[in-house]
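Below is a short note for a colleague who is meeting this structure for the opening time. Please read the points beside the sequence and the model.

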Amino acid sequence: MTETVGNIEKNAAAEFSRPLCLTATEDLRGFIAEKIGYLILFLITFVSVIAVFLIFFFVIHETLPFIFQGSLSDNLLRVKEFLTSTKWYPERAEPEFGALAIIMGSMYVTVGSLLIAVPVGLLAAIFLSDIAPFEVRQYCKPIIEILAAIPSVAYGVFAVMVVAPWMQNKLGFSTGTNALNASVILAFMALPTIISVSEDALSAIGREIREASYGLGATRAETMLKVVIPAAHSGIIAGVILGMMRAIGETMVVWMASGNASRIPSPWWDLSQSVRTMTATIAGEMGEVPKNTDHYYVLFAIGTLLLIFTFTLNMVSEYFMAKVKKKARGH
Amino acid sequence: MKSNLKILAVLALLVTAGNVMAAEKLTIDGSTTVGPIGDAFAEAFKTMRPDCSITVSKTGSSDGAKALIEGQCDIAMMSRFMKDKEFATAIEKGIMPVAHAIAMDGVCVVVHRSNTVSALTSEQVKDIYMGKITNWKQVGGADKPIVVISRDSSSGTYETFEGLVMHKEKMSDNVEYVNSNPQAHARVKSTEGAIGYVGLGFVDRNVKALKIDGVVPNRATISKGIYPVSRPLFLFTNGYPKLGTTVFQFCTFYLTEEGQEIIEAKGFIPVTNY
């Protein structure tokens with residue numbers, strides 16, 4: 001048998017020495033092996049797909065008892081209270097489930113982190129893709145990606161032990177665990193995503209486009225700002241959205257760094273005040289909450305809301321990613 | 001959901017059927033505050049009495065009382081005494097609840113070291129957490145806004161504080177929440193205007209424990225019950241346990257040296273006075 005195999009490799013004509021027609025058993029064996037292989041691979045893939053659906057099902061299933069109690073108008077009232085009231089007292093005898101302050105808290109730290117991470121990330125991506133010499137780029141990219149590998153609790157400890165006292169002593173804030181602290185830390189956590197996705201997008205814009213721009217007499221800055229960035233905007237937006245998802249879904253850091261006071265800062269722009277996010281509320285209260293109570297269900301309601309946010313963001317980023325791919329194929 | 005539970009129960013039966021006879025079973029249910037002590041006692045029993053298996057579940061004091069009344073557990077852990085209503089239901093069902101106070105739980109109000117305030121009344125502490133008092137000068141300190149720090153609402157320490165200080169009043173929405181005693185300690189240590197509360201075991205030189213209603217929090221004042229933010233922790237059994245049984249051993253374990261060490265290690269105060 002080995003000889004034949006050897007012959008096949010040596011001499012192309014020898015491949016006919018093998019009978020073209022397989023015996024029935026060989027045929028069947030091949031058929032079964034193919035189907036089994038297909039089935040195993042399908043099942044493995046299917047497990048991860050089904051996991052997503054099960055999570056959706058479970059979270060929504062546990063949310064429903066919170067909403068559907070009593071008459072329809074009661075249901076609407078409960079949803080209205082949940083979305084518009086800022087009074088979060090889930091453990092009291094007459095509980096109040098107003099999650100507005102908590103939803104706004106998530107928005108504060110997410111938007112705050114983006115305000116820092118997007119300019120920094122975009123500039124870093126431009127530097128890496130167009131300005132930095134090859135060696136610098138080769139070393140910088142992996143180091144930036146290490147940022148994503150640091151466990152979030154380590155960031156959290158840094159936020160509480162270093163950033164918080166620093167903000168109190170140097171900036172004169174009355175409390176160091178606040179929206180700004182959480183935003184800064186989250187910005188660092190979102191940076192690697194934003195930088196690497198935008199950098200890939202910028203690099204994907206071909207050399208000929210840049211050369212065409214130079215050829216028309218544009219300077220380097222003009223080329224960058226007016227040609228390359230607009231051309232790569234889909235990829236940059238996708239990177240920003242992926243970074244945003246990282247920030248909105250992050251739990252440990254905000255739980256440690258944001259202070260967890262459930263109210264909307266007033267005045268609204270004052271980031272030196274404590275806020276509480278959706279993720280931190282779930283993490284902090286789920287541990288000991290008695291099962292099948294309103295408090296338990298309302299935490300799942302927050303979870304559903306969070307799931308809707310990230311799902312939407314994911315869809316949007318997929319849309320822009322698809323655009324990038326289409327463009328790449330078009331060229 | 002129910003059918004799942006049934007399947008689980010059947011599975012559990014199948015698993016335990018293998019070593020039937022061998023194990024004496026003890027079921028303990030109740031408070032999440034007393035839970036850590038229950039867990040650690042059960043752990044100690046594992047080496048002392050390998051022949052008996054103990055399950056500890058932590059669902060809250062009310063659930064513990066309910067389970068004892070329904071005869072679903074041998075020992076109920078409770079961070080409060082049984083309510084009149086629970087007692088009455090128990091008697092109706094032929095259960096005679098007996099309390100064993102196994103430890104004291106004291107919560108110390110702490111502030112930054114530099115704070116000039118060294119004593120508050122419990123009324124003032126309550127007003128601070130309600131947001132009525134927002135500056136230290138209102139209670140005789142420096143002109144500095146108060147940063148109010150609380151444990152998360154699922155912790156036993158929060159439950160104690162809320163029950164003994166807040167008296168059903170709502171905490172203000174300015175209150176910041178942290179998720180562990182060490183973190184509460186760290187925040188108070190590093191924040192000048194901060195006030196927080198931690199278990200006695202976490203008070204050290206880096207923070208200042210306040211006198212409450214004129215009483216210094218320490219082991220003696222807490223175990224004697226003079227310090228206002230302290231309460232006993234109970235085990236409840238049906239009647240006084242028969243001498244020599246495992247239940248008896250478990251309920252008197254707090255009197256042993258090992259038991260007292262465990263209680264202290266978990267941040268509570270043994271009920272001794274010598």
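Is Asp143(B) buried or exposed? At 56% relative accessibility, Asp143(B) counts as exposed, where exposed means over 50% relative accessible area, buried under 20% and partly exposed in between (1.4 Å probe, protein chains only).

1. On the basis of the note. This is a predicted model, in which local features need pLDDT of at least 70, side-chain atom pairs count only at pLDDT 80 or more, and totals for chains, interfaces and linings use all residues. Residues are numbered from 1 along each chain as its sequence is written, chains are lettered from A and ligands numbered from 1 in the order in which they are written, and side-chain values use heavy atoms, with hydrogens and water left out.

2. On chain B as a whole. Chain B holds ten helices and twelve strands, these being DSSP runs numbered from the N terminus (helices H or I, at least four residues; strands E, at least two). Its C-alpha atoms fill a box of roughly 70 × 45 × 35 Å along the principal axes, and buried residues make up 50% of the 274 residues in chain B.

3. On the core. The largest nonpolar core has 33 residues, and those with the most contacts inside it include Leu120(B), Phe161(B) and Ile195(B); such a core is a set of buried Ala, Val, Leu, Ile, Met, Phe, Trp, Tyr and Cys residues joined through side-chain atoms within 4.5 Å. Two or more residues each are given to this core by strand E4 (97-112), helix H5 (122-130), helix H6 (156-166) and strand E8 (194-199) of chain B, and the largest share, five residues, comes from E4(B). In soluble globular proteins, nonpolar side chains tend to be buried together.

4. On salt bridges. Over all chains, a search of the whole structure finds 24 salt bridges, each being a side-chain nitrogen of Lys or Arg within 4 Å of a carboxyl oxygen of Asp or Glu. Asp143(B) forms one with Lys137(B), the closest N and O atoms being 3.9 Å apart. Arg151(B) forms another with Asp152(B), at 3.7 Å between the closest N and O atoms, and both Arg151(B) and Asp152(B) are buried. In chain A, the side chains of Asp294(A) and Arg78(A) meet in a salt bridge (3.1 Å, N to O).

5. On backbone geometry. Most residues other than glycine have a negative phi, and most peptide bonds are trans. Asn260(A), although not a glycine, has a positive phi of about 60 degrees; Asn260(A) lies in the loop between H11 and H12 of chain A and is buried, with a relative accessible area of 0%. Pro267(A) is found in the loop between helix H11 (252-257) and helix H12 (278-286) of chain A, and the peptide bond from Ser266(A) to Pro267(A) is cis, with omega near -5 degrees. In chain B, His167(B) has a positive phi near 45 degrees, lies in the loop between H6 and strand E7 (176-178), and is partly exposed, with a relative accessible area of 48%.
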